Amino acid sequence: MLRALQLAKNGLGSTYPNPMVGCVIVYNDKIIGEGWHHQAGQAHAEVNAIESVKDKALLKNSTIYVTLEPCSHFGKTPPCADRIIAEGIPRVVVGSTDPNPKVSGNGIKKLQDAGCEVVNGVLENQCREINKRFFTFQTKNRPFIILKWAENSNRLIAPLSKDHQAPVWITNIFSRQIAHKMRAQEQAILIGTNTAHSDNPSLTTRDWHGASPLRIIIDRRGVLSLDLNAFDGHAKTLVFTEVDIDNTETIRYKKVDFNNDLPNQICETLYELNIQSLIIEGGAQTLQYFIAANLWDEAYIFSGATSFSEGIAAPTISGRIITETSLVQDQLTIYKND
């Protein structure tokens with residue numbers, strides 16, 4: 001199962017809206033097949049693992065290990081449980097039950113009804129962790145939310161004036177590369193009006209291989225210029241506003257009530273759009289909206305060596321530190337909201 005988990009992680013950022021799944025087939029204590037889910041619409045991990053086995057006759061005396069319960073319904077591909085049964089694989093070891101109501105328990109039941117021995121819950125916590133986005137989306141009806149900001153030694157995220165540089169870089173190139181890696185792994189990234197106007201970020205993936213996320217801008221009064229980088233068409237953009245604005249080919253406007261729990265309205269819209277993960281990158285007011293609503297799962301806080309004594313204070317959160325990493329002169333601390 002540890003090997004299946006390694007394989008599953010290969011799909012991070014490319015399987016949405018499907019979960020990441022890894023699969024290993026073992027015969028006489030030797031791995032004879034491996035596979036993982038590469039992309040939505042393509043073959044699932046179990047099928048890829050079965051297809052990799054050179055001598056299919058061995059399958060009738062093998063055990064298949066899979067990080068998530070095999071699917072039992074027809075989607076873009078046939079049910080994996082049916083393929084396992086058709087190949088005559090007698091023993092199935094499952095990491096975690098699928099939280100999707102279309103699957104949950106049904107895949108395991110189908111295998112058992114066909115005479116397969118099923119062992120469930122092996123390395124369950126690890127199997128759930130790699131699919132934290134999928135599990136959050138299925139059980140909480142919202143995206144997995146990551147807060148992200150950079151602060152200096154005075155816990156300031158920006159100076160009072162940006163006359164000479166916008167944005168003001170607090171962290172080094174290594175921290176910025178990790179930030180772009182995050183963009184390649186998550187489905188959407190959100191900023192507020194002030195950040196869009198003053199920093200003019202592109203919000204695209206440039207320093208890491210992978211697709212750019214959906215760019216989300218909060219623009220209550222529709223005042224932002226379409227000349228800003230966030231509207232350049234290099235990635236799609238979603239704007240939350242309270243005014244009526246016509247959509248374009250790459251920009252979609254969503255009218256919401258800014259006086260009525262904006263963070264939850266944003267989450268509801270993203271759930272409807274099948275967006276499973278969201279980075280909230282700023283500014284301080286936007287981050288604080290979600291912190292106050294307790295709508296966050298992890299926080300990535302980059303601490304840089306840049307010095308200035310007056311500026312905008314970093315948000316305050318309470319959470320459990322799960323990792324601390326040194327990035328030359330920078331420090332990355334990741335918090336989990338328990």
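About 70 Å³ of space lies in the largest cavity of this predicted model. Thirteen residues line that cavity, and Tyr16, Asn18, Met20, Asn131 and Arg133 are the closest to its centre. What counts as a cavity or a pocket? On a 1 Å grid over the protein atoms alone, a cavity is a set of points where a 1.4 Å probe fits but cannot get out, while a pocket is an open set with protein on both sides within 12 Å along at least five of seven lines; lining residues have an atom within 4 Å of a point. Points join across faces, edges and corners, and the volume is the space filled by probe spheres set on them.

The largest pocket has a volume of about 1,200 Å³. Thr195, Asp199, Glu281, Gly282 and Gly283 lie nearest its centre, out of 50 lining residues.

Here's how the two linings divide:

Strands here are DSSP runs of E, at least two residues long, numbered from the N terminus. β6 and β12 pair in the parallel sense over four bridges (pairing takes at least two DSSP bridges), and Ile145 has Leu278 as its bridge partner.

Residues are numbered from 1 along each chain as its sequence is written. Local features need pLDDT of at least 70, side-chain atom pairs count only at pLDDT 80 or more, totals for chains, interfaces and linings use all residues, and side-chain values use heavy atoms, with hydrogens and water left out.
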